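Keep the 3D view open as you read.

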Amino acid sequence: MSCHQEIPDERLSAPAKGMEHDVHTKHGFSCSDCHGGDRSAVDDFVAAHSDSRGFKGSPDALTEPGLCAGCHSDPVFMKKYNPNIGVDQLSLFRTSVHGIKNSQGDTKVAHCTSCHGVHGIRSSDDPLSPVYPVNVPTTCSKCHSDETYMEPYRVPTDQMSEYSTSVHGNALLEEGERTAPACNDCHGNHGAVPPGIASVSEVCGQCHSAQLALFSASPHKEAHEAMDLPACEVCHGNHEVTRPDDSMLGVSEGAVCAECHDEDSSGHAVASKLRELIDGLREKHESVAALVNTAEQAGMTMDEAAFEMNEGRSALLRARTAVHAFSVEAVEMEVGSGQEHLLKAETSASAALSEISLRRKWFVGLAILGVVMALALIRKMRDADRAVLRG
Ligand code: HEC
Ligand code: HEC
Ligand code: HEC
Ligand code: HEC
Ligand code: HEC
Ligand code: HEC
Ligand code: HEC
Ligand code: HEC
């Protein structure tokens with residue numbers, strides 16, 4: 001470390017400088033733990049780099065995974081330093097396209113340091129780590145968005161451009177929403193897919209479990225399997241998932257259902273009924289909201305109606321999720337409960353508004369009465385004055 005820091009050639013000094021921030025340095029590991037050689041031979045260049053003291057030189061892309069795994073796949077060794085990190089990185093890596101091609105001699109696919117860096121490796125929960133969630137998309141797209149680099153593989157290079165404008169990319173990269181998936185949440189950190197998931201197509205259900213449960217019990221489950229179609233991506237895409245709205249449902253322009261269901265099929269009929277139900281609830285919500293608002297503006301306390309409005313709104317959200325059962329009954333149930341709540345809100349807003357108009361009538365009535373009484377009083381006083389004058 002001390003020799004390399006002094007070397008003018010940056011290629012040779014940079015590693016020593018980078019090691020200052022490396023997670024391995026913290027435990028006293030140093031150059032020789034990866035490169036071999038003799039770290040005690042401080043003044044002896046030849047001995048420090050001697051083969052007889054195990055000097056390995058610079059590992060290449062193919063030998064590197066084995067080097068890192070020398071420690072990282074050893075459970076007894078790793079437990080001593082950090083019992084919380086797994087020891088399965090290499091075995092998972094070998095199941096991924098990266099790891100498979102690496103073992104076949106491809107040096108361009110990602111290997112450990114392509115994602116973690118080298119000489120300055122940080123813990124994955126360090127915000128400066130290249131695998132810290134918000135940094136992952138940039139790390140992967142270093143290769144995956146490079147058309148020239150990826151050219152020989154004939155795989156698309158648009159993942160990052162699509163992802164960054166998607167609902168997920170926007171949530172993670174713009175809003176710092178850590179529960180939104182980065183590339184590795186769907187593709188796995190080291191393995192082909194995250195542990196416990198059979199294929200990338202099933203990955204959406206990890207986070208969107210309600211939609212997956214409904215989908216799995218629906219007629220679409222079997223239909224997708226028969227056609228070898230993925231569960232969610234058929235309608236939502238994978239990298240370009242956008243925020244759905246009601247226009248996606250049904251059979252009119254821009255809706256997904258008509259893409260597969262002909263006009264005379266039962267799927268077509270169900271699709272337009274679902275849209276009708278949801279449109280009905282949404283429109284009702286809008287009109288009742290306007291009514292409640294008017295009553296509030298007029299100074300009435302509308303706590304109870306606000307509660308019912310909230311319930312109606314939740315039912316609308318649940319109805320949109322229930323779409324994934326692809327059945328009229330499922331959506332009708334949520335829409336029905338939403339309509340009930342909105343009706344209560346509407347009733348109390350209407351009652352408040354008629355109370356206001358009743359109060360207005362009273363006010364006008366009382367005002368007229370007041371004027372009449374005042375006039376009568378004035379007249380009476382005048383009469384009294386005249387009587388005094390006459391007297
Ligand atoms: C955690 C393991 C690890 C540690 C610790 C480590 N290195 Fe490396 N080093 C590597 C790997 C892997 C490569 C090859 C990857 C690369 O070239 O990017 C490498 C490459 C190098 C190279 C060649 C760079 C080049 O551009 O050709 C030098 C020189 C080097 N290391 C010096 C050091 C020195 C000096 C230290 C201690 C200050 C050190 N390394 C600590 C893993 C390590
Ligand atoms: C000499 C044994 C050894 C070698 C070789 C080694 N590591 Fe480590 N590494 C460790 C230990 C021990 C830790 C745990 C440090 C801690 O968490 O405090 C660690 C931590 C890490 C971490 C941080 C884990 C986290 O998120 O907390 C990463 C990433 C990492 N190593 C990657 C690598 C890579 C990549 C290589 C190969 C270039 C490598 N290591 C080589 C022993 C080693
Ligand atoms: C394609 C990119 C990529 C490659 C290749 C890769 N890693 Fe990782 N690694 C990640 C990501 C992403 C994380 C997890 C970050 C998180 O937990 O949020 C991670 C986490 C880790 C951790 C922390 C503990 C854990 O398992 O979560 C260690 C240690 C680690 N990697 C070591 C390695 C080693 C050793 C190799 C080579 C055999 C390797 N990585 C190859 C991307 C990669
Ligand atoms: C060092 C460059 C590099 C980095 C960094 C990298 N990859 Fe790759 N990746 C490749 C290459 C090259 C292939 C091989 C393409 C092929 O043969 O299909 C590949 C293949 C893949 C595939 C399989 C594509 C297919 O269907 O064949 C996926 C998925 C993938 N990478 C995801 C990721 C993710 C996620 C990350 C970041 C965590 C990442 N990659 C980081 C170079 C890289
Ligand atoms: C929400 C989940 C999700 C996220 C996030 C995600 N992917 Fe994917 N990705 C998929 C699915 C699903 C496929 C299709 C896999 C299949 O059909 O076998 C795919 C396919 C791929 C492929 C194969 C080629 C292609 O485009 O079809 C590559 C390479 C890839 N993704 C890289 C990335 C990279 C890089 C990122 C981050 C910028 C990323 N993915 C983010 C789910 C995701
Ligand atoms: C790691 C968890 C995770 C995974 C995996 C995931 N998502 Fe998401 N998804 C989220 C989060 C969090 C949001 C909310 C983002 C926001 O609203 O800002 C979201 C939002 C969405 C939305 C918009 C929801 C709305 O109410 O507007 C859709 C649609 C969606 N995801 C579909 C998918 C699909 C399809 C996949 C698989 C290809 C997938 N997701 C994989 C976490 C995930
Ligand atoms: C990728 C093509 C595709 C899309 C898009 C699609 N479906 Fe289907 N759907 C099918 C297939 C295939 C079947 C099974 C064969 C059949 O009954 O037509 C099916 C079956 C159904 C059924 C059961 C029909 C029955 O007779 O039991 C309903 C209901 C349904 N879909 C509703 C919808 C709705 C609502 C949408 C839009 C949100 C939609 N589908 C979008 C392909 C699709
Ligand atoms: C046949 C087409 C289709 C399939 C398959 C499909 N969706 Fe949807 N999805 C829709 C439609 C249509 C909407 C919009 C409903 C609305 O807003 O009225 C939607 C809305 C959503 C939403 C936002 C509304 C909500 O529920 O919060 C999420 C999240 C979502 N889908 C996730 C998924 C997931 C996860 C899968 C796979 C298990 C999936 N979808 C499969 C058509 C589909």
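Ligand 8 is surrounded by 20 residues, and the closest of them are Cys 232, Cys 235, His 236, Asp 246 and His 324. Keep in mind that this is a predicted model, so every distance here is computed from predicted coordinates.

His 236 places a polar side-chain atom 2.8 Å from a nitrogen atom of ligand 8. On the side of His 324, an N or O atom of the side chain is 2.8 Å from a nitrogen atom of the ligand.

Now widen the view to the whole shell. By class, the shell around ligand 8 holds ten nonpolar, seven polar and three charged residues. Which helices supply at least two residues each? They are H15, H16, helix H17 (233–236) and helix H19 (303–322). H15 provides the largest share of the shell, with three residues.

Where does this put the ligand in the overall fold? The domain assignment gives the chain a domain 1 (133–243) and a domain 2 (266–357). Ligand 8 lies between these two domains, because both of them give residues to its shell.

That brings us to how the domains meet each other. Their C-alpha centres are 33 Å apart, and eight residues of domain 1 are in contact with five residues of domain 2. The area buried between domain 1 and domain 2 is about 550 Å², and carbon and sulfur atoms give 74% of that area. Within domain 1, the residues that lose the most area to domain 2 are Gln 211, Leu 214 and His 220, which together make up 63% of what that side buries.

What about polar links across this interface? The rule finds zero salt bridges between domain 1 and domain 2, and the count of residue pairs in polar contact is one, with both residues at pLDDT 80 or more. On the side of domain 1 that touches domain 2, helix H15 (209–216) and helix H16 (219–227) each supply at least two residues. H15 gives the most there, with four residues. That side of domain 1 has four nonpolar and four polar residues, and no charged ones.

Key
Residues are numbered from 1 along each chain as its sequence is written. Chains are lettered from A and ligands numbered from 1 in the order in which they are written. This is a predicted model: local features need pLDDT of at least 70, side-chain atom pairs count only at pLDDT 80 or more; totals for chains, interfaces and linings use all residues. Side-chain values use heavy atoms; hydrogens and water are left out. Domain bounds come from an automatic or database domain assignment. Contact means heavy atoms within 4.5 Å. Buried area is the accessible area (1.4 Å probe) that two parts lose on being put together, summed over both. A salt bridge is a side-chain nitrogen of Lys or Arg within 4 Å of a carboxyl oxygen of Asp or Glu. A polar contact is a pair of N or O atoms within 3.5 Å; within protein, one must be able to donate a hydrogen and the other to accept it, and residues adjacent in sequence count only if both atoms are side-chain atoms. Ala, Val, Leu, Ile, Met, Phe, Trp, Tyr, Cys and Pro count as nonpolar, Asp, Glu, Lys and Arg as charged, and the others, Gly among them, as polar. A residue is near a molecule or strand if one of its heavy atoms lies within 4 Å of it.
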